[in-house]
Amino acid sequence: NCLEGGTFHDVPFAEVTWEGSRLRSWLNENFLENAFSEKELSFISVVRNQNEDQSVVGTEGGNVTIDRVFLLSETDCSIYFRDDLSRDSFGRAQASVHAALHGVETDAEGYASWWLRSPGVYPYSAQFVDTSGQDYLSGAYVDIGYQFGVRPAIWVVTDVE
């Protein structure tokens, strides 16, 4: 689900990558601290995220980041949402009640568009997935309002005793 809504970054036309985005900071600080108990935090892996350049025009993706909570990337979409069935099953994301009440726009079925961490065609844009589960490589302006959802991703450690 899209748990929250918000901008990828707060500054209009700011050239920003995932590394310097407001959304990354919020996910790995406020969200992480408030969404999980200490025990739950012990199951969340620290991840080294490659942030590839945009695949069509080559907009810079930025440095490798070390995150506990992150957004999926353009590459992740090409792996997990490669056909209509997977886009419909996994690419479409419902807006949580909280997100919908705080301005995330949804279609008639309650699905929202949601941010990816990959850059769009401009250095002040970021890619997103629309309500049908299709990723938009061109992206949207990073300061676009709350109509876009935030769908956090984590890797969970399964061998913790």
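Biologist: Why is Asp-10 called partly exposed?

Modeller: Asp-10 has a relative accessible area of 47%, and the label is set by cut-offs: buried means under 20%, exposed over 50%, and partly exposed in between, with a 1.4 Å probe and protein chains only. A value of 47% falls in between, so Asp-10 is partly exposed. This is a predicted model, in which local features need pLDDT of at least 70 and side-chain atom pairs count only at pLDDT 80 or more, while totals for chains, interfaces and linings use all residues. Residues are numbered from 1 along each chain as its sequence is written, and side-chain values use heavy atoms, with hydrogens and water left out.

Biologist: What makes the pair Arg-22 and Asp-10 a salt bridge?

Modeller: The term requires a side-chain nitrogen of Lys or Arg within 4 Å of a carboxyl oxygen of Asp or Glu, and the N to O distance here is 3.0 Å, so the pair qualifies. This pair links distant parts of the chain, with Arg-22 in helix 1 and Asp-10 in the loop between strand 1 (4–5) and helix 1, 12 residues apart; helices (H or I, at least four residues) and strands (E, at least two) are DSSP runs, numbered from the N terminus. Arg-22, at 24% relative accessibility, is partly exposed. A search of the whole structure finds 7 salt bridges.

Biologist: How do you know where helix 1 bends?

Modeller: The bend at a residue is the angle between axes fitted to the seven residues ending there and the seven starting there, and for helix 1 (residues 22–35) this gives about 25° at Asn-28. Leu-23, Arg-24, Leu-27, Phe-31 and Leu-32 of that helix are buried, and what covers them includes helix 2 (38–41) and strand 6 (114–119).

Biologist: Why are Arg-87 and Asp-84 said to be separated by about one helical turn?

Modeller: They lie 3 residues apart in helix 4 (residues 84–91). An α-helix has 3.6 residues a turn, so residues three or four places apart point the same way. Arg-87 and Asp-84 form a salt bridge, their closest N and O atoms being 2.7 Å apart.

Biologist: Which residues are linked with Asp-88 in a network of salt bridges?

Modeller: Arg-92, Asp-107 and Glu-109 are linked with Asp-88 in that network. The side chains of Asp-88 and Arg-92 meet at 3.2 Å, N to O; Asp-88 is partly exposed at 43%, and Arg-92 counts as buried at 13%.

Biologist: How many disulfides does the structure hold?

Modeller: The structure holds 0 disulfides. A disulfide is a pair of cysteine sulfur atoms within 2.5 Å, and the cysteine sulfur nearest to that of Cys-2, belonging to Cys-77, is 12 Å away, so Cys-2 is in no disulfide. Cys-2 is buried at 0%, and Cys-77 counts as buried at 2%.

Technical notes. Contact = heavy atoms within 4.5 Å.
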